Amino acid sequence: MSVLAESFAELGLSSTEAVILRFVHANPGCTQADIGRAIGVQRTNMVPIVNGLIDNGLLERTPADGRSHSLYLTKQGTQLHRKIVIVGLEHERRFFADISEETRQTLMKLFRAVRRKAEQP
């Protein structure tokens, strides 16, 4: 994880910021609360992170309902998201370099099953 974090740092991001940008890309219009629940970050900790991403021109906030705001990637955020995806794929290639494609696919299925199990109440 430290190698991946260093790669994100080269893009000017923390790992958490990169994950948030990935989440917003996959879930346009989500709220800070949605992100916090998905990645396990407390609401009070989400505020400065999201505000920083907005201040840096990577996210934009629009009113949703009542007190909630929807989050979207800006053009700059979308461009950076592409770089985040590339960094992630490069990291995955290095991580799985000595593992056959068949074994990698099996591991990925197992990881997804573990995640689904962890998400169950």
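What is the handedness of the crossing of α1 and α5? The crossing is right-handed. Here a crossing counts as right-handed if the near helix is turned clockwise from the far one by less than a right angle, and left-handed if anticlockwise.

**Model and confidence**

This is a predicted model, in which local features need pLDDT of at least 70, side-chain atom pairs count only at pLDDT 80 or more, and totals for chains, interfaces and linings use all residues. Residues are numbered from 1 along each chain as its sequence is written, and side-chain values use heavy atoms, with hydrogens and water left out. The pLDDT is the predictor's confidence in each residue, from 0 to 100. It averages 93 over the chain. A score of at least 70 is reached by 100% of the residues. Among the elements, helix α2 (residues 15-26) has the highest mean pLDDT, 97. Helix α6 (residues 101-119) has the lowest, 89.

**Overall layout**

The chain has 6 helices and 2 strands. Helices (H or I, at least four residues) and strands (E, at least two) are DSSP runs, numbered from the N terminus. Their order along the sequence is α-α-α-α-β-β-α-α. Along the principal axes, the C-alpha atoms fill a box of roughly 50 × 35 × 20 Å. Of the 121 residues, 28% are buried. Buried means under 20% relative accessible area, exposed over 50%, and partly exposed in between (1.4 Å probe, protein chains only). Contact means heavy atoms within 4.5 Å. Among contacts with a separation of 6 or more, 47% join residues 24 or more positions apart.

**Two helix pairs**

Two packed helices are described by the angle between their axes and the distance between the axes. Axes are lines fitted to C-alpha atoms, for helices over the stretch in contact, and angles run from 0 to 180 degrees between N-to-C directions.

The axes of helix α1 (residues 2-10) and helix α5 (residues 75-95) cross at roughly 155° and come within 10 Å. The two helices are therefore roughly antiparallel, a label for angles over 145 degrees. On the α1 side, Val3, Leu4, Ser7 and Phe8 make the contact; on the α5 side, Ile84, Val87, His91 and Arg94 do. By class, that contact holds 5 nonpolar, 2 polar and 1 charged residues. Ala, Val, Leu, Ile, Met, Phe, Trp, Tyr, Cys and Pro count as nonpolar, Asp, Glu, Lys and Arg as charged, and the others, Gly among them, as polar.

Helix α2 pairs with helix α3 (residues 32-39): their axes come within 11 Å and cross at roughly 115°. This crossing is also right-handed. From α2 come Thr16, Val19, Ile20, Phe23 and Val24; they meet Asp34, Ile35, Ala38 and Ile39 of α3. The contact has 7 nonpolar, 1 polar and 1 charged residues.

Ser7 is in helix α1. Ala64 sits in the loop between β1 (59-63) and β2 (69-73). Ile99 belongs to the loop between α5 and α6.

| Residue | Relative accessible area | Class |
|---|---|---|
| Ser7 | 16% | buried |
| Ala64 | 43% | partly exposed |
| Ile99 | 30% | partly exposed |

The contacts below leave out residues up to four places away in sequence. Ser7 touches Val87 and Arg94. Ala64 is in contact with His69 and Ser70. Ile99 touches Arg104 and Leu107.

Ala64 and Gln42 are 22 residues apart along the chain, and their C-alpha atoms are separated by 21 Å. For Ile99 and Gly36, 63 residues apart, the separation is 33 Å.

Key. Parallel < 35°, antiparallel > 145°, perpendicular 65-115°, else oblique.
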